[in-house]
Amino acid sequence: MKLGIDWQKLPEATTRGPMASLDHVQEMGLAGIFFPTVLDMSPTLDRGFLKELRAKADAMGLYLEAGLGKINPYCSAEAPELRAAGNGDILAGLTRMIEIAAEIGLHELWISPGNFKGQFPGRLANDRFRTDIDWADQLAAMEKIMHRLAPALRDHGSHMNMETHDEITSFEILRLIEAVGEDVTGAVLDTANGLQRGEHPVWAARRLAPYIRQTHIKDAYVARAPGGLDFQGRACGEGIVDFAAILPILAEANPALNLSLEMAASCDDKPRAANPRQCIQINDPVWRAVHPDLTAEEYEAYMEMVDAYEHRIASGAIEDWETYERRNYGYPSYAEQSYRYAEARVYIRKSADHIKAVSAEVGVRLEQPQPDYA
């Protein structure tokens, strides 16, 4: 297993570009890059450039991963680059990405069911709660698209792997894998996103373990707040996720799995916009109605996990929501870019060091270059 990072959450990613980002992750002591889509590697899908990128990564001993993008057709207007890749034909664009990715040896391809919109409060930030189209209809539409992509994936020995994104549950991902076929589908385990769906991270990892082909490794603060539970991204080790329990599950299921850190927010060269306080409305009847798979047993385990985390907050071992937000590692001023960059590196370093330490404690071997955080 190797520990790397999601490219979108790497400091100065777009400024440096994909090629220089390989040097950056190596200098930071990380072992690879997860590009969200093939288009992030090359917006024009330039075969020559992509082969050069792959050759450089191989020479450096770094992994490359990528994806196709948002697979929900009700979100297509929010991702015009997918349509452009097919000259107006979204399916052609996705198929072209599958083919070109396979040419450079990328056969595990991330897909996602929606777009989180943090500018909106509560559940309305999430496509699961759209009022113009039911979530069940969105899932049905995604399944149709996945069936239409399946032949191209089979032709190239590839998989489209659905992320446990903000909108979808692990149960729904399992049903999609069963419906479309595990020969062309899989899962991307995001270790924190399932918390927003009331799923215990360890339980979700166990459910999806046989199908996990890619990861997003991150942590989160979850504690009681007016209206439900606060959710706030934190560095690994400072949140609620039990990596000591999850990492052995992943290693046993897929010993060659790459672990890709994902920051809570982009740390590129643009100032972070202030977002409304996000809340998991876990006791709201509307929220509960669209989570029929959430059992009493898992809910109880989830709340026991929250209780234990709140004890850590009360003891002072963990900063509360307000204190952490005031420090705001996302940096409110563009003029503070150097500070912002340094803080982003600290966040990545904390996360990487925690995952490395926990891996050593539980006997999970990570193949890593030597870090240079200077």
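Accessible areas here come from the Shrake-Rupley method with a 1.4 Å probe, and for residues only the protein chains shown count as cover. On that basis, the accessible surface of the chain comes to about 15300 Å², of which carbon and sulfur atoms contribute 52%. The model is a predicted one, in which local features need pLDDT of at least 70 and side-chain atom pairs count only at pLDDT 80 or more, while totals for chains, interfaces and linings use all residues. Residues are numbered from 1 along each chain as its sequence is written, and side-chain values use heavy atoms, with hydrogens and water left out.

The chain has 13 helices and eleven strands, where helices (H or I, at least four residues) and strands (E, at least two) are DSSP runs numbered from the N terminus. The radius of gyration is 20 Å, close to the 21 Å that the globule rule gives for 374 residues, so the chain is as compact as a globular protein of that length. That radius is taken over C-alpha atoms, and the rule is 2.2 Å times the number of residues to the power 0.38. Along the principal axes, the C-alpha atoms fill a box of roughly 55 × 50 × 45 Å.

Of the 374 residues in the chain, 56% are buried; buried means under 20% relative accessible area, exposed over 50%, and partly exposed in between (1.4 Å probe, protein chains only). Contact means heavy atoms within 4.5 Å. Among the contacts with a separation of 6 or more, 80% join residues 24 or more positions apart. As for charge, the chain carries 38 positive and 56 negative side chains, with the centres of the two sets 2 Å apart. In this count Lys and Arg are positive and Asp and Glu negative, leaving out His and the chain ends, and each charge is placed at NZ of Lys, CZ of Arg, CG of Asp or CD of Glu.

The interior comes next. A nonpolar core is a set of buried Ala, Val, Leu, Ile, Met, Phe, Trp, Tyr and Cys residues joined through side-chain atoms within 4.5 Å. The largest such core holds 106 residues, of which Leu 195, Leu 259, Leu 261, Tyr 302 and Ile 355 touch the most other members. Helix H6 (residues 135-156) supplies the largest share of this core, nine residues. Beyond four places in sequence, Tyr 302 touches Leu 195, Gly 198, Glu 199, His 200, Val 222, Leu 229, Ile 280 and Ile 282.

Leu 149 lies in helix H6 and is buried, with a relative accessible area of 0%. Apart from neighbours within four places in sequence, Leu 149 is in contact with Leu 68, Ile 71, Leu 91, Leu 94, Thr 95, Ile 98 and Met 160. Leu 149 and Gly 316 are 167 residues apart in sequence, and their C-alpha atoms are 50 Å apart in space.

Helix H7 (residues 170-180) has as its buried residues Ser 170, Phe 171, Glu 172, Ile 173, Leu 176, Ile 177 and Val 180. Their cover includes H6, strand E5 (159-163), strand E6 (185-190), helix H8 (201-208) and helix H11 (296-315). Just after H7, Gly 181 takes a positive phi of about 120°.

Asp 127, in the loop between strand E4 (108-112) and H6, counts as buried at 3% relative accessibility. Leaving aside neighbours within four places, Asp 166 is in contact with Phe 116, Asn 126, Asn 193, Gln 196 and Arg 197. Arg 345, in helix H13 (residues 337-362), is buried with a relative accessible area of 10%.

Glu 12, between strand E1 (2-6) and helix H1 (13-27), has a positive phi near 60°. Leu 45, between helix H2 (38-41) and helix H3 (47-60), has a positive phi near 55° and is buried, with a relative accessible area of 3%.
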